[in-house]
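Student: I have a model open and want to go through its architecture. Can we take it piece by piece?
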Amino acid sequence: MVPDPGFPLTVEVGAATARLTGLSDHVVCTTPQPWALVSAVVPAPLAVVQSRSTARDALERAAASVPAAAEVVVGLGGGSSLDTAKYIAHSCGLGLISIPSILSADAAFTPSFGYREEGRVRYAGHVRPREVIVDPALIRQAPIGLGRAGVGDLLACYTALYDWRLASSAGRGEPWQPQAAEVGMRMLDDLEDRMPELVDLTDEGVAWLAEGLRTVGAARTASGRRLAEGSEHALAGALEWLSGRSFVHGSLIGFCVLVMSQVQGNDPERPERIVRGGLAGARADALGIDARLLARAFDVLPAYARSERLAPSVIDVVELSPELAAEVFAAAVAGIS
């Protein structure tokens, strides 16, 4: 049984401008590119809050800039805009409407907001949107790889489910939940079938990806995040921390699934097929990740997972040696060439 996400989802061409036109007493949290696509045809909001950073102090300044008359905050854009809008809604007690302009992550569909502190990504809060609006025409105006990068957040179920079962079998962490796991397994099966629609970002492909992110987000929240957060998310966090860079989230997670499926010995050919089929942004060269950076990440990963209090995973049982890092990096690159 799929948990109730707790908010309606509208997927329709033209829905973004239609919803913005019908609002009053609202602020829009966005970045210049998506705002330029709609600002000329919708009424002016009370304020436009530019999302420049998800560092904690930047989020606090963004919240302090919101006019007292505001009743609703609209997140319009990618993950940083949506997380900033969630932070503002949480701290200012405002209603939230999410309008993603790219489906590069699950930020529009999950209640916590991400922020950065001391170079590390943290999650806090519990903010459900009043509604999520996905406009396929708006999504298609972004670079197509960004529009569908959220495939990586669905692909995370592959390695996360392995880690969850591994830990549960050893009596560690949250007990295995067959119903939640079944949601992820079905999603992975459907994902392979839907790749042609996702490659072209058809209306049907956008609708499926949005609904998939909403479904997995709800199941992940209900299962304590284990459904779609395992060693692949731990590796992603370590790579961002070491490099000091912000990556396209879904693309980075896709790459980390390729790597950690190799570490797990978990039929890596399956995620490789999906990446080859249309998640080009998950390639190491596209992300700017080389073998040296991965080796550094492997070196710090066990300590990083402990310091972040991450759930038990394959990281706890496999020696992440420099030799293994070189081997899996080469295999991940070759597998999608």
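Student: What is the bridge partner of Val 28 in S4?

Tutor: The bridge partner of Val 28 in S4 is Val 74. Before more detail: this is a predicted model, where local features need pLDDT of at least 70, side-chain atom pairs count only at pLDDT 80 or more, and totals for chains, interfaces and linings use all residues. Residues are numbered from 1 along each chain as its sequence is written, and side-chain values use heavy atoms, with hydrogens and water left out.

Student: How many bridges are there between S2 and S4?

Tutor: Four bridges pair strand S2 (residues 26-30) with strand S4 (residues 72-77) in the parallel sense. Strands here are DSSP runs of E with at least two residues, helices are runs of H or I with at least four, and both are numbered from the N terminus. Two strands pair if DSSP finds at least two bridges between them.

Student: And what does Val 74 pair with in S5?

Tutor: Ile 97 is the bridge partner of Val 74 in S5. S4 and S5 run parallel and are joined by six bridges.

Student: What is the strand order of the open sheet?

Tutor: The order is S1-S8-S5-S4-S2-S3, six strands with parallel pairing. Strand S1 (9-11) and strand S3 (47-50) each have a single partner strand, so one side of each is left without a neighbour in the sheet. On average, neighbouring strands are turned by 20° against each other, direction ignored.

Student: Why is S4 called largely enclosed?

Tutor: Six of the six residues of S4 are buried, so the rest of the structure largely encloses S4. Buried means under 20% relative accessible area, exposed over 50%, and partly exposed in between, with a 1.4 Å probe and protein chains only.

Student: Which strands does H4 touch?

Tutor: Helix H4 (residues 79-92) touches S2, S3, S4 and strand S5 (95-100), and its direction makes about 170° with that of S4. Contact means heavy atoms within 4.5 Å. Axes are lines fitted to C-alpha atoms, for helices over the stretch in contact, and angles run from 0 to 180 degrees between N-to-C directions. Helix H9 (residues 203-222) lies across S1 and strand S8 (131-134), at about 165° to S1.

Student: Changing topic. Where does H8 bend?

Tutor: H8 bends by about 60° at Arg 194, with Pro 196 following within four residues. The bend at a residue is the angle between axes fitted to the seven residues ending there and the seven starting there. Buried residues of H8 include Met 187, Leu 188 and Leu 191. Those buried residues pack against helix H7 (151-169), H9 and helix H12 (269-278).

Student: At what angle do H7 and H12 pack?

Tutor: About 170°, with their axes 11 Å apart. That makes H7 roughly antiparallel to H12; angles under 35 degrees count as roughly parallel, over 145 as roughly antiparallel, 65 to 115 as roughly perpendicular and the rest as oblique. Val 151, Leu 155 and Tyr 158 in H7 meet Arg 270, Pro 271, Ile 274 and Val 275 in H12.

Student: Is His 233 buried or exposed?

Tutor: His 233 is buried, at a relative accessible area of 15%. His 233 lies in helix H10 (residues 231-243). Leaving aside neighbours within four places in sequence, His 233 contacts Asp 153, Ala 156, Ala 228, His 249 and Ile 253.
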